[in-house]
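Here's a walk through one protein model, from the overall picture down to single side chains. Have the structure open alongside as you read.

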Amino acid sequence: MPRGDGRLTHDLDPSAPGPQDACGVFGVWAPGEEVSKLTYFGLYALQHRGQEAAGIAVSDGASVVVYKDLGLVSQVFDEPTLGSLRGHLAVGHTRYSTTGSSTWENAQPTFRTTGAGTSLALCHNGNLVNTAELASAAADGGVAGAFTSTTDSDLITSLIGARPDLSVEAAAMEVLPMLRGAFSLTFMDENTLYAARDPQGVRPLVLGRLERGWVVASETAALDICGAVFVREVEPGELIAIDEDGLRSQHFAAAAPKGCVFEYVYLARPDTTIGGRTVHAARVEIGRRLAREHPADADLVIPVPESGTPAAVGYAEASGIPYGLGLVKNSYVGRTFIQPSQTIRQLGIRLKLNPLRDVIRGKRLVVVDDSIVRGNTQRALIRMLREAGALEVHVRISSPPVKWPCFYGIDFASRAELVANGLDVDGVRASINADSLGYVSEQSLIAATEQPANRLCTACFTGQYPIPLGEPEVLGKHVLEGIGRRTLSDPEPAARSVSGWTGQQAGSPSLAGGADDALARP
């Protein structure tokens, strides 16, 4: 299957999947505008956050129509399809499967008809960590009906829709405090656009203003592409509702901010702003600090494109070593659906990156990348650079060693597969065959974001999880697979354990779960 992060597919390079991206969500309320096209372009700007499936739900005030499929945004939608999706409000989603398999049923938006007969479509970025608990409680409470997907997003939709005596807004205010984990949501009924963010604000969510409406999106870059002006971030623990009466806000929980620091390292677009600072500026500053912490005697600084590029610029600036382009990236290889031959597969990283031999030959290189997960990619890259004539290869990484899995919306490898979990820095250096290896410190990374340390989640580096997790047997991407094709009648849903998980948790432990979701096949 194609990977969700736009890098090499597992078929092309099955031994080297890096961190899988979170999802992208978008919502717009704009009477008189072509909201389906605004949503399409918003999702296009968020394509980097998920490339397995895409979908849009639109309402004209009388009914909600959902269109979704597997594939890129540009593969799922065309002009006739968008032209048929008419209305004044819409939500959209681009998915990487952080919970549940990559199937059509698990694509989003999810859809339910509520007990009161209202249509409800929902999009989710993040992972809950009490999915199994919620599923059991839903079954005990009589929230039945066939589960067509195996994601916590569908479960959220079912819980909100199962309150026939309440409006969607009132039901959401009851359900949202029950959710634990990371969730940035956009959802809608026939007349109202909603946006909500978990009390920790782990995943980003922003609010923008159109001339004739409002937009909510995972990143400010999506506001830019559809002509919306940034207003503010959706606050942690906040529910926003937008309809013909305007915008209203209420809080379902007290804010306890713990934004994901890995958004600055890899996930977010460099032209996105988080907490008042552009991601690009933060990454350049990370590179400057990396150069001061880990200098190298070298001739040229080159990035691993493209997430390593801003940090490489900063490293070159601070070190005085010239910056150059030593690797050319094929931006399209990550989406091939053709099975490669064994000969092609053996080429490995060359399918994605190719060296500029005239630039590299005879040089001592500093190679800047965003992270090391398993180490397979860096090992192959260094071998390729040496074959191209590099005299020395000094690897510099713009994040601390990744030692712990993420349960809040990034699909890292299991802890047992994380190379930095089993080896010290020199052991990793020897494993990838670098002449030297340096990671930026956690303190420098945090300083570069210009955010207070107590407002950031660094669990993938430290193992300190700010939102309490559950037992290993109810943590994992496939926690709902066992109940995904039947009704919620089993109070003990089947689960698949997470290999090697032994994290430190903030607060008392409880149950856990997953992320994303489903409706009308095109």
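Predicted model: local features only at pLDDT ≥ 70, side-chain atom pairs only at ≥ 80, totals over all residues.

The report below starts with the whole chain and then picks out a few spots.

## Ground rules

Residues are numbered from 1 along each chain as its sequence is written, and side-chain values use heavy atoms, with hydrogens and water left out.

## The whole protein

The protein has 17 helices and 25 strands; these are DSSP runs numbered from the N terminus, with helices being H or I of at least four residues and strands E of at least two. Of its 522 residues, 61% are buried, where buried means under 20% relative accessible area, exposed over 50%, and partly exposed in between (1.4 Å probe, protein chains only).

The accessible surface comes to about 18,300 Å², and carbon and sulfur atoms hold 51% of that (Shrake-Rupley method, 1.4 Å probe; for residues, only the protein chains shown count as cover). Take the contacts (heavy atoms within 4.5 Å) with a separation of 6 or more: 73% of them come from residues 24 or more positions apart.

Two strands pair if DSSP finds at least two bridges between them.

Strand 11 pairs with strand 9 (residues 206-210) in the antiparallel sense over four bridges. Within that pairing, Leu207 has Arg232 in strand 11 as its bridge partner.

## Two buried residues

Asn125 lies in strand 6 (residues 119-125) and counts as buried because its relative accessibility is 0%. Its side chain has two partners to look at: the backbone oxygen of Cys23 at 3.3 Å, and the side chain of Arg49 through a polar contact of 3.4 Å. A polar contact here is a pair of N or O atoms within 3.5 Å; within protein, one must be able to donate a hydrogen and the other to accept it, and residues adjacent in sequence count only if both atoms are side-chain atoms.

Ile382, in helix 13 (residues 376-387), is buried too, with a relative accessible area of 2%. Leaving aside residues up to four places away in sequence, Ile382 touches Val393, Val395, Ile432, Asn433 and Ala434. Ile432 is 50 residues away along the chain, with 7.3 Å between the two C-alpha atoms.

## Around helix 16

Helix 16 (residues 442-449) has Ser444, Leu445, Ile446, Ala448 and Thr449 buried. Their cover includes helix 8 (262-267), helix 9 (279-293) and helix 17 (459-462), along with strand 16 (277-278) and strand 23 (456-457). Just after the helix, Glu450 takes a positive phi of about 60°.

## Aromatic pairs

The structure has 10 aromatic pairs. Rings of Phe, Tyr and Trp (its six-membered ring) pair if their centres lie within 6.5 Å; planes under 30 degrees apart count as stacked, over 60 as edge-to-face and the rest as tilted. Phe183 and Phe252 are stacked, 6.1 Å centre to centre with 25° between the planes. They are 69 residues apart, and both are buried.

Tyr408 and Tyr465 pair edge-to-face instead, at 6.2 Å centre to centre and 80° between the planes. These two tyrosines are 57 residues apart and likewise buried. Elsewhere, ring pairs link Tyr40, Phe41, Tyr44, Tyr67 and Phe77 into a cluster.
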